[in-house]
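I opened a new model today and kept notes as I went. The entries follow the order in which I looked things up.

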Amino acid sequence: MPYQDERAGLDAIRAITESGVVESFRTEMAERHTGQPLPLPRFEPCPAGKYRSYVVAIDGSNIYAPIPGALPCTEAGLVSLGMVVIDVRKLESLPHLPASGAADPGELRRTEKSVSLGMMLPGQNAAKKDGTMPRTWFREILNNELEQAQLGGESFADTLYHLLGDGRTVRCPNDECNEQNVGIPTPRSSGECKTCGERVFVSDGLRIQEQFLENDSPTECHHRVRDALEMLALVNTLRYLAASDRGLRAIANTAFVMDGPLAAFGTIAVLARAVRKEIRRVQELVERQQSGATLLIMSGVKSGPFVDHAEELDRAPEPNKRLSKNHFWLPDNDYIRANIVARGSQQSKPWGELTYYGRPVVLKTANGERLVLNLAQPEADPPLTNAPRPRVLGDALATAGPLGVSTNQFLALRRVHSHAAIPLKRGTDLIQSLAP
Ligand SMILES: [Zn+2]
C-alpha cells in the first residue's frame, strides 16, 4: 500500500527484471492465443421463427452497507426482485421519439405490468434485540419472506420445497453442530436437528447460511438470496401458469427473460438441476396441450468470458463489424474449453454441466446489435453445449432480435431493471437510516 506523499521507487521492479524471473516465467508458461484476430467459428443465418407476443422479464438486485456509527461494525442489506410483463405488440406500435429513435418512456410504461418485492437482511454483527444471532436472524427472515412471496399461485417456499424434492437433507444450520443429515421440513412448518435441537426451515435447503461466517461480511449470502429469488420467481410463475389450460396457452406465447447467465453457482447450485427438471416437465405439458408449442426461457448476459469473447470475434478489421447481421452461433463444449473457459484440474466435467440450465448463444441482430444470450433447452440432457440445435431457437432469435437495443443490452431487462433495481444511493441511504 502506498503511503501518502511517498512515491514508489523503481528499485523493486529493477531487481525483478534483473533476476530474470519474468523471462523464465515466460518460457515456462503454456502458450495462449494472443493478438491476432481469432479464426471465426461457424455463424449461421438465423432460422425462421415466430416472435412471442409477451415477454416476462425477471431481475433481482441487492445492496449491502454498514450502519454508520454502530460498534462493532454492523451491516445490513436489501434484496429486491422485480418482474415485468411486456406486451410486445403494443411495444411495436409505439411512436418513437424523433431525436433518439427510442420509444417514449411514458408510453413504454403503458405496455407493461410490473410487480416487485423486497426484503431487508442482517449482515455482519446485526443481531436481534431478543438475542437471536445474525446468522439465525438471516435464516428466519429469508424463510419468512419465501413463505409470504407469491405471484398468483403457491408461495416461493412451496416452489422451493418442490424443487428440492421430498427427503432432502442438509448439514445442520447451526454452525456449532456437526450433524450432517437434517431433514428439510415442509413449508409453513419447522423441523428440528436431533443432535442440537436447532430449528430448521425449508429455506435452509438452499444452504446459503453455510457461507454466513462470524467476523466476516456475508455479501456472498446476500447475492445468493438475490439469485435464488430470481430462479424461484421463474419456476413459481411457470408452475402457476402450467396448472391451467389458459396458462399453458400463455406460456406458448411468452418469452421468459432473465438477467445474467441461466445458472446457479455456489451453495445454491442444487437449483440448476432442479430447474432443468421442472422446465422439462412444463415443456411436456405445453406440448401435450398444443403440438409443436415450446417453452422459451432465455437471458441476456452483459459481462463475463462469453461477452468478452464475442467482442473479440467481432473486432477484426474494426470493432463490431466482423459478424454478419442476422447470424448466430452456438459454441460447443470443445470450443468453449479451448478458447473461452479453460478446464481446471478439478473440472473434468463438460463446461456448465452442473451449474447451468441454459446454453450460450451469440447473436448479431438484423439491426447489427451483438447479444450474448443463454437459452434453456428443456428437451436436451446436459451438457447442453453438446446437444443439437434447440427446438425453440428460431422463436428465441426472432424474439431477442427486436429487443436488442444496443450491444449486450436487452430492452426487456432494461425495463425490469428500471422497475426493480435498488438505486445505489437511495438503497445505501435506507441502510444508513438504521443508525441510531
Ligand atoms: Zn444441529
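Predicted model: local features only at pLDDT ≥ 70, side-chain atom pairs only at ≥ 80, totals over all residues.

**Entry 1: the sheet**

Then I looked up how β3 and β4 run relative to each other, and they pair in the antiparallel sense over 11 bridges. I noted the general rule that strands of a sheet pair through backbone hydrogen bonds, either parallel or antiparallel.

Next I followed the whole sheet. It is open, with nine strands in the order β1-β11-β12-β13-β10-β9-β2-β3-β4, and its pairing is mixed. The edge strands are β1 (44-45) and β4, each of which pairs on one side only.

**Entry 2: the domains**

I looked up the domain assignment, which gives domain 1 (44-118 + 219-432) and domain 2 (125-216). Their centres, taken over C-alpha atoms, are 28 Å apart. I then checked the contacts: 27 residues of domain 1 touch 21 residues of domain 2. On the domain 1 side, β3 (75-87), β4 (112-122), α7 and α9 each supply at least two residues. Helix α7 gives the most to that side, with 12 residues. I sorted the side of domain 1 that touches domain 2 by class and found 18 nonpolar, four polar and five charged residues.

**Entry 3: the core**

Which residues touch the most other members of the largest nonpolar core? They are A57, V257, M298, L373 and A412, in a core of 101 residues. Helix α7 (residues 219-241) gives the most to this core, with 11 residues. Domain 1 and domain 2 both give residues to the core, so it lies between them.

Leaving aside neighbours within four places in sequence, L373 is in contact with M298, S299, G300, V301, V361, L363 and A400.

**Entry 4: helix α8**

Which residues of helix α8 (residues 245-252) are buried? I found G247, L248 and I251. They cover an arc of only 100 degrees around the axis, so they are on the same side of α8. The general rule I wrote beside this is that an α-helix has 3.6 residues a turn, so residues three or four places apart point the same way. On the other side of α8, D245 and R246 are exposed.

Last, I asked what covers the buried residues of α8. The cover includes α7, β9 (254-259) and α9 (270-289).

Conventions:
Residues numbered from 1 in each chain as written. Core = buried A, V, L, I, M, F, W, Y, C linked by C-beta atoms within 7 Å. Buried ≥ 20, exposed ≤ 12 C-beta atoms within 10 Å, placed from the backbone. Helix = DSSP H or I, 4+ residues; strand = E, 2+ residues; numbered from the N terminus. Domains from an automatic or database assignment. Contact = placed C-beta atoms within 7 Å. Arc of directions from axis to C-beta. Nonpolar A, V, L, I, M, F, W, Y, C, P; charged D, E, K, R; others polar. Pairing = 2+ DSSP bridges.
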